Amino acid sequence: MIQSGKCKVLVIMGSVRAKRHCPTLAAWIAKIGQAETDLTFELVDLTAWSLPMDDEPDIPATGLYLHPHTRKWGEKIAQADAFVFVSPQYNWGYPAVLKNAIDHCYHEWRGKPLLIVTYGGHGGGKCAAQLKQVAEGLKMRLVSIMPGLTLTREMIDGAPITPDMDFKEQRPQIQQGCSELAEMVSTS
Ligand SMILES: Cc1cc2nc3c(=O)[nH]c(=O)nc-3n(C[C@H](O)[C@H](O)[C@H](O)COP(=O)(O)O)c2cc1C
């Protein structure tokens, strides 16, 4: 086990859809991370954060936040040591709610380690590539692998997911991703 102290990792869920799979997958990833490292993994559900679409008058890079919700979100991100984005692929991209949450701050992300985990009918590779580009723009430090979880037709249509069973083969990749994240935190 990698010793990284009690550093905090926010596992940010990319979906706010009513019948979403995201909480199940994010909780599974957080559980693996918790077992694999000594980092503290905390789930972040964007439905609990009222972040109206691009509602700040100044650009986030100035750090001038008018609204209390932006200041609160900025503090939440600033206090974290690393992140996991758990995101579905929507129309070859990632959900707007995730981009809006990312774009509500700027310096708070900079230099921090990030693991990207995506899912979709083909693992969400196109979504992962887009998130990678955005993270590079923010000068985040990316884990070398971006695990992708392939959903079956039934899962996409709403069948429940049991990650321990359904994504057993992907578990080593998630473990590797979390371990790398912990290594990056320990060298921050
Ligand atoms: C608006 C929308 C667009 C989608 N586009 C894609 C896509 O481009 N590729 C894909 O593999 N799956 C796509 N899907 C299927 C999603 O991967 C699947 O519904 C997944 O469960 C969505 O994550 P969520 O349940 O956490 O919201 C799309 C689903 C939605 C709701």
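## The ligand site

In this predicted model, the largest pocket is the space that the ligand takes up. The shell around the ligand comprises 15 residues, and the closest of them are Ser15, Arg17, Tyr90, Tyr119 and Gly121.

Sorted by class, this shell contains seven polar residues, six nonpolar residues and two charged residues.

## Backbone contacts and burial

At Cys22, a backbone N or O atom is placed 3.0 Å from an oxygen atom of the ligand. At Asn91, a polar backbone atom lies 2.7 Å from a nitrogen atom of the ligand. At Trp92, an oxygen atom of the ligand is found 3.0 Å from a backbone N or O atom. The protein buries 80% of the 600 Å² that the ligand exposes when taken alone.

## Fold and overall dimensions

The protein is built from seven helices and six strands. Read from the N terminus, the order of its elements is β-α-β-α-β-α-β-α-β-β-α-α-α. The radius of gyration of the protein is 16 Å, close to the 16 Å given by the globule rule for 188 residues, so the protein is as compact as a globular protein of that length.

Along the principal axes, the C-alpha atoms of the protein occupy a box of roughly 45 × 40 × 25 Å.

## Summary

The ligand takes the space of the largest pocket, with 15 residues around it and 80% of its area buried by the protein.

Conventions. Residues numbered from 1 in each chain as written. Predicted model: local features only at pLDDT ≥ 70, side-chain atom pairs only at ≥ 80, totals over all residues. Heavy atoms only, no water. Near = heavy atom within 4 Å. Polar contact = N/O pair within 3.5 Å; in protein donor to acceptor, adjacent residues only side chain to side chain. Areas by Shrake-Rupley, 256 points an atom, 1.4 Å probe, with all protein chains shown as cover. 1 Å grid on protein atoms, 1.4 Å probe; cavity = no way out; pocket = protein on both sides within 12 Å on 5 of 7 lines; lining within 4 Å. Sits in = over half its atoms within 2 Å of the grid points. Nonpolar A, V, L, I, M, F, W, Y, C, P; charged D, E, K, R; others polar. Helix = DSSP H or I, 4+ residues; strand = E, 2+ residues; numbered from the N terminus. Rg over C-alpha atoms; globule rule 2.2 N^0.38 Å.
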